[in-house]
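Please consult the sequence and the structure shown here.

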Amino acid sequence: MILNVERVPELDAPLDISMLYDEASFEDRGQMGRTSAHDFVESMLLDVHHCRYLQAHPHVKVEDSILQDMLLIDGEKTVARHGGAGALDRLRRKARKLNLESGHERIKSDFIEPETLLWEAWKVLPRTQKAAIAHEVVLGLIERVRQASAFDPRPEAKTEDPMKWHRHRVMPFLWAMLDGPKAG
């Protein structure tokens with residue numbers, strides 16, 4: 001049964017029992033399967049070994065905010081600040097159109113998908129801020145890998161480069177940003 005398009009409220013409207021539907025579906029994203037088994041295991045072990053590090057160091061300081069927040073949490077503010085209010089308005093209009101199309105006129109919202117917002121925020125940031133974010137990302141990964149490697153019980157973990165299985169986890173454009181003249 002297809003929902004009556006005329007009765008579909010705005011996506012952020014308060015939830016009401018009449019809005020609920022008695023069928024559901026799920027999506028298994030194809031991207032999850034595009035990695036080798038070895039890489040998947042190394043990624044999982046990075047998390048496991050880092051958790052062991054955190055257990056051994058229970059008072060690790062958590063940062064209140066990181067530069068990456070300009071892309072993630074504050075993406076809309078970043079686009080508006082560096083790209084102008086018009087840029088954010090264009091994104092919202094485009095998002096509303098895409099939401100309506102992909103939802104067969106049932107998703108009435110100007111919600112901008114997080115990945116779209118992240119890339120739009122990245123595009124409008126000044127080069128120096130991009131370099132600072134790249135620096136933060138790479139140093140954060142290196143720190144995590146070093147902490148995790150201290151708790152990796154495998155014998156080769158003591159002799160191999162701990163970043164061997166993790167360098168590729170940093171997107172190439174971030175490495176390139178660090179190689180630029182304004183990266184500091």
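Which residue follows α2, and what is its phi? Gly84 follows α2, and its phi is positive, near 95 degrees.

## Basis of the model

The model is predicted: local features need pLDDT of at least 70, side-chain atom pairs count only at pLDDT 80 or more, and totals for chains, interfaces and linings use all residues. Residues are numbered from 1 along each chain as its sequence is written, and side-chain values use heavy atoms, with hydrogens and water left out.

## Helix α2

Helices are DSSP runs (H or I, at least four residues), numbered from the N terminus. Gly75, Thr78 and Val79 of α2 are buried (under 20% relative accessible area, 1.4 Å probe, protein chains only). These residues cover an arc of only 100 degrees around the axis, so they lie on the same side of α2; the arc is that of the directions from the helix axis to the C-beta atoms. Lys77 and Arg81, on the other side of α2, are exposed (over 50%). The cover of the buried α2 residues includes α3 and α4.

## Helix α4

Helix α4 spans residues 114-124, and its residues Leu117, Ala121 and Trp122 are buried. Their arc around the axis is only 135 degrees, which puts them on the same side of α4. Glu115 and Lys123 are exposed on the other side of α4. The buried residues of α4 pack against α2 (75-83), α3 (85-102), α5 (127-149) and α6 (172-178), where contact means heavy atoms within 4.5 Å.

## Phe40

Phe40 lies in helix α1 (residues 37-56). Because its relative accessibility is 49%, Phe40 counts as partly exposed (between the limits of 20% and 50%).

Notes. Helices (H or I, at least four residues) and strands (E, at least two) are DSSP runs, numbered from the N terminus.
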